[in-house]
2 protein chains.
Amino acid sequence: MKLQKGHTVVGFAGLGVMGHSMAGHILEGGYDLLIYNRSKEKGLDLLACGAVWAETPKDLAQKSDVIITIVGYPKDVEELYLGEDGLLSGARPGTVLIDMTTSSPALAVRIAEEGAEKGLPVLDAPVSGGDRGAREAALSIMVGGERETFESVRPLLELLGKKIVLQGGPGCGQHAKMANQIAIASGMMGVCEALVYGKRAGLDPELLLSSISGGAAGSWSLSNLAPRILAGNFAPGFFVKHFLKDMKIALEEADRMDVRVPGLKQAYALYEELAAEGCGEDGTQALYKIYDK
Amino acid sequence: MKLQKGHTVVGFAGLGVMGHSMAGHILEGGYDLLIYNRSKEKGLDLLACGAVWAETPKDLAQKSDVIITIVGYPKDVEELYLGEDGLLSGARPGTVLIDMTTSSPALAVRIAEEGAEKGLPVLDAPVSGGDRGAREAALSIMVGGERETFESVRPLLELLGKKIVLQGGPGCGQHAKMANQIAIASGMMGVCEALVYGKRAGLDPELLLSSISGGAAGSWSLSNLAPRILAGNFAPGFFVKHFLKDMKIALEEADRMDVRVPGLKQAYALYEELAAEGCGEDGTQALYKIYDK
């Protein structure tokens with residue numbers, strides 16, 4: 001498979017907050033875009049800009065040279081790729097499939113193996129950077145798979161992200177993303193605990209942030225999410241429910257590999273508590289609500 | 001008290017890794033420097049540059065216009081300030097005392113109150129930025145006390161740090177520092193868990209760091225301490241034993257204020273485990289050793 005603008009057909013499945021922006025970049029990048037989504041409404045503007053609609057995943061697969069997917073949960077990925085009328089059943093040999101969903105490393109390996117049996121190279125390529133990173137084509141993309149396959153689709157990935165790194169073989173993109181989420185999970189506890197401590201101690205939260213953001217306590221979360229917390233803004237950049245999904249996968253993998261993750265376990269328990277209070281649709285910074293009550 | 005170079009005598013007690021650099025900056029800044037330390041050896045080079053030795057804290061206090069202290073533990077602060085021959089017993093009314101040790105907020109309030117009774121304005125002004133921040137006069141200084149006192153010594157603090165913020169009344173500098181340490185504590189778990197997860201998953205740690213450092217998982221610890229961990233460098237920028245001291249104070253304060261700090265508690269337990277294995281003199285990044293075994 002060699003990419004050629006105006007010739008290569010890129011199939012795109014999953015037009016959520018992330019996928020919609022990403023599919024748009026592919027179209028703007030000069031590729032023919034075929035789209036599939038459970039609800040067609042989310043693709044109407046892309047269709048108006050020249051994208052073509054596919055009725056089913058199989059239909060999408062049959063007509064695409066490269067397929068990019070970004071859906072919700074591992075079960076969605078499994079159904080999309082391995083289901084009866086799924087992508088692997090429809091794709092022509094040589095078609096490259098790239099799953100950008102944050103999903104299970106074990107599932108990524110399984111899809112890569114089943115793909116290989118059918119002559120279909122598969123990459124796992126989850127992203128970090130949220131809705132804003134997707135909009136601004138500034139995502140960090142962590143890729144697992146064969147180098148040759150990776151190089152063949154790199155120009156497409158470069159339409160979506162800035163930091164694009166082949167982390168290793170199949171599943172390694174997902175593992176890198178898990179490590180990313182693990183670092184975030186405990187870090188969010190630190191941010192929330194620092195803020196609520198400061199509040200109870202009677203400090204001015206803005207002054208506190210000004211003292212601690214730039215030093216050894218500094219983090220992306222402290223710089224970007226703490227101000228939202230202080231403003232009472234719990235709107236989702238990244239959904240609590242999706243973060244829970246990611247942490248659950250990470251916990252399972254850590255357990256399987258016998259990696260000790262007490263911080264992750266504690267963070268997961270707090271986020272579960274948050275979701276149980278009906279905050280699954282909030283952004284991850286809503287963890288603060290668990291502390292400040 | 002009005003600062004005047006070549007006239008104002010600054011007393012400095014505590015010539016450890018931090019204090020030694022800081023006292024040097026005061027001397028270079030053009031002030032008369034009087035020093036006191038438990039062991040005189042650590043001050044010899046400063047004496048050679050024109051500093052004058054004080055035999056006791058009381059002696060230091062009697063001859064100083066401003067006094068800066070940075071020692072080890074709250075009990076050292078208590079003895080230094082409130083002991084029989086301590087600073088408060090020796091200082092002339094109007095002398096400003098600045099404790100830059102990371103210590104207990106409650107003790108800071110007590111010292112400020114006892115100081116006020118004797119006409120001695122006291123500030124708590126712990127710092128963040130480590131040995132490097134002290135050397136490069138780039139510390140973040142979190143100050144608690146009266147604004148007038150703060151303004152009167154600001155030029156001195158500006159010789160030591162870049163980010164200098166009055167956080168509130170007595171004890172508020174210590175509270176801000178506690179919030180800083182709370183954010184760091186959980187964050188370090190996240191960094192170590194992410195790294196050990198990546199290692200066990202077979203990822204190249206350098207590639208992993210390159211993917212996750214710049215995004216939502218990014219932090220000062222990930223950028224500055226993770227590379228040391230990967231290099232097997234556990235030398236202290238900041239001692240485990242001192243971090244334990246700080247976390248213990250934060251835990252006590254959080255308990256007193258009824259602030260929930262599960263992340264901090266978990267981190268403290270892991271650092272205690274690390275110290276029990278004889279790693280108290282390591283740097284805080286040595287937490288990784290607890291995970292990777």
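Q: How many salt bridges over all chains?
A: The search of the whole structure gives 42.

Q: Ground rules before we go on?
A: This is a predicted model: local features need pLDDT of at least 70, side-chain atom pairs count only at pLDDT 80 or more, and totals for chains, interfaces and linings use all residues. Residues are numbered from 1 along each chain as its sequence is written, chains are lettered from A and ligands numbered from 1 in the order written, and side-chain values use heavy atoms, with hydrogens and water left out.

Q: OK, chain A and chain B. How many residues are in contact?
A: 57 residues of chain A touch 57 residues of chain B. Contact means heavy atoms within 4.5 Å.

Q: What area do chain A and chain B bury between them?
A: About 4600 Å², with 63% of it on carbon and sulfur atoms. That is accessible area (1.4 Å probe) lost on putting the two parts together, summed over both.

Q: Which three residues of chain A supply more of it than any other three?
A: A:Tyr197, A:Ala216 and A:Arg260. They supply 17% of the area that chain A buries against chain B.

Q: How many salt bridges between chain A and chain B?
A: Two. In one, the side chains of B:Glu273 and A:Arg260 meet at 2.8 Å, N to O.

Q: And residue pairs in polar contact? How many there?
A: 18 between chain A and chain B, both residues at pLDDT 80 or more. A polar contact is a pair of N or O atoms within 3.5 Å; within protein, one must be able to donate a hydrogen and the other to accept it, and residues adjacent in sequence count only if both atoms are side-chain atoms.

Q: Which element gives the most to the side of chain A that touches chain B?
A: α9(A), with 18 residues.

Q: How do the residues of that side divide?
A: 33 nonpolar, 16 polar and eight charged. Ala, Val, Leu, Ile, Met, Phe, Trp, Tyr, Cys and Pro count as nonpolar, Asp, Glu, Lys and Arg as charged, and the others, Gly among them, as polar.

Q: What rotation superposes chain A on chain B?
A: 180°, with 0.0 Å of shift along the axis and an RMSD of 0.0 Å. So the relation is that of a two-fold axis. The same surface serves both: 100% of the contact residues of chain A recur in chain B.

Q: Switching topic. What domains does chain A have?
A: Domain 1 (9-169) and domain 2 (175-291). The bounds come from an automatic or database domain assignment. Their C-alpha centres lie 28 Å apart.

Q: What do domain 1 and domain 2 of chain A bury between them?
A: About 1100 Å², 63% of it on carbon and sulfur atoms. A:Tyr73, A:Thr102 and A:Pro105 supply 46% of the area that domain 1 buries against domain 2.

Methods. A salt bridge is a side-chain nitrogen of Lys or Arg within 4 Å of a carboxyl oxygen of Asp or Glu. Helices (H or I, at least four residues) and strands (E, at least two) are DSSP runs, numbered from the N terminus. Copies are superposed by least squares on the C-alpha atoms of residues with pLDDT of at least 70 in both.
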